Amino acid sequence: MKTTAGRILFELKTRGPAHTIALAERLGISRQGARQQLESLAAEGLVTAEAKASGVGRPGNLWSLTAAGHARFPDSHARMTVDLIEAVRGEFGEDGLDRLISRRERETTAAYLAAMSDAPALSERLDRLAALRCAEGYMAEWTQGQDGSYLFIENHCPVCAAATACQGLCRAELETFRTVLGADCGIERIDHILAGARRCAYRITKRAESV
């Protein structure tokens, strides 16, 4: 998304709701230019605004993506994937679908572990995992908090339709992360797109005995 409008959509997708002035500063454009772009995107039904205070003064517009705006970031082969899930469920039942998910989980875990074989530090493993997930379309990143914990974020789910149809995929994802990040850390999902959050996020902490 190289256009200014595309960059605004990307900012709102990856960093969440923002005021006009904040978007202008991040993109290096004028406030008026940002407002014009946002109003155009709103006319297309891609963004929406809510009056909300930002410091001193009158409330300003806090912009966020609409469902149509989120849909600009594709859900890979959504219809075909959902149809395949339903076909497997119909032919082999839930047990058969669970076996298929478990097999995919094992293969994904093995590939991720191979990519991290020379990354002993947790920060290195998070770097590798973010790169792997970005390559798969998850727009992943991580940060470290002042308390020493880590936050692993996926700003997009390219298989959201499939995960909605088969939530075992989300369970498998969490188990894969627990395995590849190592037994020396704990991980919990604190934001979930399927639960209505704008992103999936995982809080990661070093276990006390490993510090």
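Biologist: How many helices and strands does the secondary structure of the chain contain?

Modeller: Helices (H or I, at least four residues) and strands (E, at least two) are DSSP runs numbered from the N terminus. Here the chain has 8 helices and 7 strands. This is a predicted model, in which local features need pLDDT of at least 70 and side-chain atom pairs count only at pLDDT 80 or more, while totals for chains, interfaces and linings use all residues. Residues are numbered from 1 along each chain as its sequence is written, and side-chain values use heavy atoms, with hydrogens and water left out.

Biologist: What does the C-alpha trace of the chain span along its principal axes, and what percentage of the residues count as buried?

Modeller: The trace spans about 55 × 50 × 25 Å. Buried means under 20% relative accessible area, exposed over 50%, and partly exposed in between, with a 1.4 Å probe and protein chains only. Of the 211 residues of the chain, 38% are buried by this criterion.

Biologist: At what angle do the axes of helix α1 and helix α3 cross?

Modeller: Axes are lines fitted to C-alpha atoms, for helices over the stretch in contact, and angles run from 0 to 180 degrees between N-to-C directions. Angles under 35 degrees count as roughly parallel, over 145 as roughly antiparallel, 65 to 115 as roughly perpendicular and the rest as oblique. The axes of α1 (residues 4–15) and α3 (residues 31–43) come within 10 Å and cross at roughly 80°; the two helices are therefore roughly perpendicular to each other.

Biologist: Which residues of α1 and α3 meet?

Modeller: Contact means heavy atoms within 4.5 Å. Thr4, Ala5, Ile8 and Leu9 of α1 meet Ala34, Gln37, Leu38 and Leu41 of α3.

Biologist: Which residues touch the most other members of the largest nonpolar core?

Modeller: A nonpolar core is a set of buried Ala, Val, Leu, Ile, Met, Phe, Trp, Tyr and Cys residues joined through side-chain atoms within 4.5 Å. In the largest, of 21 residues, they are Leu129, Phe152, Leu181 and Ile204. Another core, of 14 residues, lies apart from it and includes Leu38 and Met139.
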